[in-house]
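Here is a short report on one chain.

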Amino acid sequence: ELTAVGCTFRSEIGSAVMSADGGSVILRQCRLQESGRCGIICVAGARALCEGCELRHNSLNGCDAQTGALVVLRGNRISDNKQTGILVADDHSHVLVEGNVIATNGRRGVTAQKGGLFVLRNNQVIRNGNI
């Protein structure tokens with residue numbers, strides 16, 4: 001399990017943070033920004049909790065959940081990503097999105113593909129693109 005508080009994560013060619021193969025990540029008051037792919041990507045049964053973080057200015061998505069990921073996004077600013085703020089890409093991933101500002105992303109604020117499960121509560125999803 002990785003726990004980070006008040007850190008900045010970037011990757012020029014990859015994602016700022018990746019949780020995979022059942023791994024677990026807890027991020028609080030962190031910045032996941034300016035990465036070549038996603039702010040955070042969770043795959044293969046991984047878990048992630050992001051609270052009070054900024055997921056901004058990434059080349060793809062702010063958060064990408066795939067292949068059975070379980071993600072909780074609470075009190076974050078997810079903005080200015082070139083694609084989607086939050087993407088759930090398969091029917092085995094589950095994402096709870098609560099109290100976030102999801103704004104000015106290039107395509108959409110939130111996208112569920114192939115039956116991905118979103119639970120959205122008390123978010124501001126504003127000024128996102130519509131491609």
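## Glu51 and its partner

Glu51 counts as buried, at 18% relative accessibility. Buried means under 20% relative accessible area, exposed means over 50%, and partly exposed lies in between (1.4 Å probe, protein chains only). Glu51 forms a salt bridge with Arg28, and their closest N and O atoms are 2.8 Å apart. The pair links distant parts of the chain: Glu51 sits in strand 7 and Arg28 in strand 4, 23 residues apart. Strands (E, at least two residues) are DSSP runs, numbered from the N terminus. Arg28 is partly exposed, with a relative accessible area of 30%.

## Basis of the model

This is a predicted model: local features need pLDDT of at least 70, side-chain atom pairs count only at pLDDT 80 or more, and totals for chains, interfaces and linings use all residues. Residues are numbered from 1 along each chain as its sequence is written, and side-chain values use heavy atoms, with hydrogens and water left out.

## Other salt bridges

A salt bridge here is a side-chain nitrogen of Lys or Arg within 4 Å of a carboxyl oxygen of Asp or Glu. The count comes to seven salt bridges. Arg10 pairs with Glu34, the closest N and O atoms being 2.8 Å apart. Arg10 lies in the loop between strand 2 (8-9) and strand 3 (17-19), whereas Glu34 lies in the loop between strand 5 (31-33) and strand 6, 24 residues apart. Glu34 is partly exposed at 45% relative accessible area.

Arg56 and Glu54 also meet in a salt bridge, at 3.7 Å from N to O. Arg56 is partly exposed at 22%, and Glu54 is partly exposed at 30%. A network of salt bridges links Arg28, Glu51, Arg74, Glu98 and Arg121.

## The nonpolar core

The largest nonpolar core has 26 residues. Such a core is a set of buried Ala, Val, Leu, Ile, Met, Phe, Trp, Tyr and Cys residues joined through side-chain atoms within 4.5 Å. Residues with the most contacts inside this core include Leu27, Ile40 and Val95. Strands giving two or more residues to the core include strand 4 (24-28), strand 10 (70-74) and strand 13 (94-98).

Ile40 shows the packing. Leaving aside neighbours within four places in sequence, its contacts (heavy atoms within 4.5 Å) include Val17, Leu27, Leu55 and Cys63.

## Cysteines without bonds

The structure holds zero disulfides. A disulfide is a pair of cysteine sulfur atoms within 2.5 Å. The sulfur of Cys30 is 4.8 Å from the closest cysteine sulfur, in Cys7, too far for a bond. Cys30 is buried, at 1% relative accessible area. The sulfur of Cys42 is 5.7 Å from its closest cysteine sulfur, in Cys63, also too far for a bond. Cys42 is buried at 0%.

Terms used: Helix = DSSP H or I, 4+ residues; strand = E, 2+ residues; numbered from the N terminus.
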